[in-house]
Protein chains: 2
Amino acid sequence: MSRRSGVLEFAVLGLLRESPMHGYELRKRLNTSLGVFRAFSYGSLYPCLKTLVQQGWLAEETGHSPDDPRATPLSNRRAKIVYRLTADGKERFEELLGQTGPDAWEDEHFGVRFAFFGQTSRDVRMRVLEGRRSRLEERLAKMRASMARTREKLDAYTLELQRHGMESVEREVRWLNELIESEREGRPHRASPQDRGPGEPDGIQGRHRAGSSEDDTTT
Amino acid sequence: MSRRSGVLEFAVLGLLRESPMHGYELRKRLNTSLGVFRAFSYGSLYPCLKTLVQQGWLAEETGHSPDDPRATPLSNRRAKIVYRLTADGKERFEELLGQTGPDAWEDEHFGVRFAFFGQTSRDVRMRVLEGRRSRLEERLAKMRASMARTREKLDAYTLELQRHGMESVEREVRWLNELIESEREGRPHRASPQDRGPGEPDGIQGRHRAGSSEDDTTT
DNA sequence: GTTAGCATGTAAGGAGTTACATGATTTT
DNA sequence: AAAATCATGTAACTCCTTACATGCTAAC
């Protein structure tokens, strides 16, 4: 049992902390606000909500606000279920927010932790950012060692893949450096929306094949 | 049953195509050559090898070459098992290499597909690269739409996270553009050291040897 | 003579997905 | 009145990890 997954549980508690929501909306928020990195399906969300209710961290409220004209006892019409964070749930979320183990900066967790930095205390933010950075630097060291060993033995594509992978990691390290610097000085990082107008600055265009107009809504 | 995972199966067949290996070495290769993106543990590798043998795609060879003095029936000393690709396995791998469905360019698969581009025909390479690019462009469009909708409502950290995520995707698109351009002109991309001449770019069969030492050994 | 790395496995389980099933409400 | 989207859920399955269990071999 226990759909008490790390990431999903954390994100659900965090989103509900801002305001109560029902499942469907929650899932949309998960897959847009935080969803650049992870996407969740109902098949994981609803069971997760259920166990969070069982833990006492969430409370279900079946629609029926006092000003709802359809709130007769008879019309038990599969009401929307609105989930609200309980006091215990708030406590739990704060406990999770404060954790700074490796769990906080591994690939699966870092994104969602960052997304809730607005609720996170500054020293925890620093520890998470620095933890992430040193994790990435370890990884870079390993990659460099491995490339030194295997260079000349790999074909061009494998090499190019490794080169691009390393550059991605290096880029994230630079990003973290900027963020850490900003935190240190107490200013809010970039903050400039840098309006990308309708100009399409990168030569992005060209619909290629595979054009099926499928959008997210992955059942 | 069936550890016939997409990615792992593909990578194992591809690596064994280059030369026979035993499990331990295979796992190291998986986690260095291709391993910038994925890392596999023995707990998935060995069962996978077993099912690939059952499918007839791999053959096991239990050390014991005729000149091995220890090859007595009594000293059944847990020999190294060397896995070799069978003819059927080679066929299977080529079948997988030729596939160009969405499976080829989604996040989980693209990396490993690229890693074996050296064995892949040029038109398949093009389809995979273009498929990947249009997948990423779809994603960008969604992100832009979502940002236009939610701007001003998100706190600085969530915004920064989305900005960085978008930039990462844009960067990968630029990379793909370069690669596609290179493929079109028939030249090998960035060409780090030792590049092959302008001849047929297929059939790059790098000879690698184990020789290596060290490593992460994430059990 | 003990640590470190080589080598092979298994059982249990975690974290999610897909496909299915159903029905309400809004838009076209 | 059809189509889309909103809304809730379950069962079966996938793919992989962790923790365990074992033993060989080289180096210090």
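View 1. Two strands pair if DSSP finds at least two bridges between them, and helices (H or I, at least four residues) and strands (E, at least two) are DSSP runs numbered from the N terminus. The model is predicted, so that local features need pLDDT of at least 70 and side-chain atom pairs count only at pLDDT 80 or more, while totals for chains, interfaces and linings use all residues. Residues are numbered from 1 along each chain as its sequence is written, chains are lettered from A and ligands numbered from 1 in the order in which they are written, and side-chain values use heavy atoms, with hydrogens and water left out. In chain B, three strands form an open sheet in the order β1-β3-β2, with antiparallel pairing. Strands β1 and β2 of chain B stand at the edges, each with a single partner strand, so one side of each lacks a neighbour in the sheet. Strand β1 (residues 21-22) of chain B is joined to strand β3 (residues 81-85) of chain B by two bridges and runs antiparallel to it; here B:Met21 has B:Tyr83 as its bridge partner in β3(B). Strand β2 (residues 58-62) of chain B is joined to β3(B) by five bridges, again in the antiparallel sense. Strands of a sheet pair through backbone hydrogen bonds, either parallel or antiparallel.

**View 2. A helix lying across the sheet of chain B.** Helix α1 (residues 6-18) of chain B lies across β1, β2 and β3 of chain B. The helix runs at about 90 degrees to β3(B), with axes being lines fitted to C-alpha atoms (for helices over the stretch in contact) and angles running from 0 to 180 degrees between N-to-C directions.

**View 3. The sheet of chain A in its setting.** Chain A has seven helices and three strands, and from the N terminus on its elements run α-β-α-α-β-β-α-α-α-α. The three strands of its open sheet have the order β1-β3-β2, with antiparallel pairing. Strands β1 (21-22) and β2 (58-62) of chain A stand at the edges with a single partner strand each, so one side of each is left without a neighbour in the sheet. Five bridges link β2(A) with strand β3 (residues 81-85) of chain A in the antiparallel sense, and the bridge partner of A:Ala59 in β3(A) is A:Arg84. Of the contacts in chain A with a separation of 6 or more, 62% are accounted for by residues 24 or more positions apart, contact meaning heavy atoms within 4.5 Å.

View 4. Helix α1 (residues 6-18) of chain A has 13 residues and reaches 19 Å from its first C-alpha to its last. This helix lies across β1, β2 and β3 of chain A and runs at about 90 degrees to β3(A). Helix α1(A) is mostly covered, with 10 of its 13 residues buried (under 20% relative accessible area with a 1.4 Å probe and protein chains only; exposed is over 50%, partly exposed in between). Among these buried residues are A:Val7, A:Glu9, A:Phe10, A:Leu13 and A:Gly14, and over chain A, with its 219 residues, buried residues make up 42%. Helix α1(A) packs with helix α2 (residues 23-32) of chain A at an angle of about 110 degrees, with their axes 11 Å apart. That makes α1(A) roughly perpendicular to α2(A) (65 to 115 degrees; under 35 counts as roughly parallel, over 145 as roughly antiparallel and the rest as oblique). From α1(A), the contact draws on A:Leu8, A:Ala11, A:Val12, A:Leu15, A:Leu16 and A:Glu18, and from α2(A) on A:Leu26, A:Arg29 and A:Leu30. By class, the contact of α1(A) with α2(A) has seven nonpolar, no polar and two charged residues, where Ala, Val, Leu, Ile, Met, Phe, Trp, Tyr, Cys and Pro count as nonpolar, Asp, Glu, Lys and Arg as charged, and the others, Gly among them, as polar.

**View 5. Helix α7 of chain A where it meets chain B.** Helix α7 (residues 156-185) of chain A packs with helix α5 (residues 107-115) of chain B at an angle of about 140 degrees, with their axes 8 Å apart. The two helices, α7(A) and α5(B), are therefore oblique to each other. On the side of α7(A), A:Tyr157, A:Thr158, A:Glu160 and A:Leu161 meet B:Gly111, B:Phe114 and B:Ala115 in α5(B). The residues of this contact of α7(A) with α5(B) divide into four nonpolar, two polar and one charged.

**View 6. The surroundings of A:Glu172.** A:Glu172 is found in helix α7 of chain A and is buried, with a relative accessible area of 16%. Not counting residues up to four places away in sequence, A:Glu172 touches A:Phe110, A:Arg132 and A:Leu136, together with B:His164 of chain B.

Definitions and conventions: Expected span 1.5 Å × (residues − 1).
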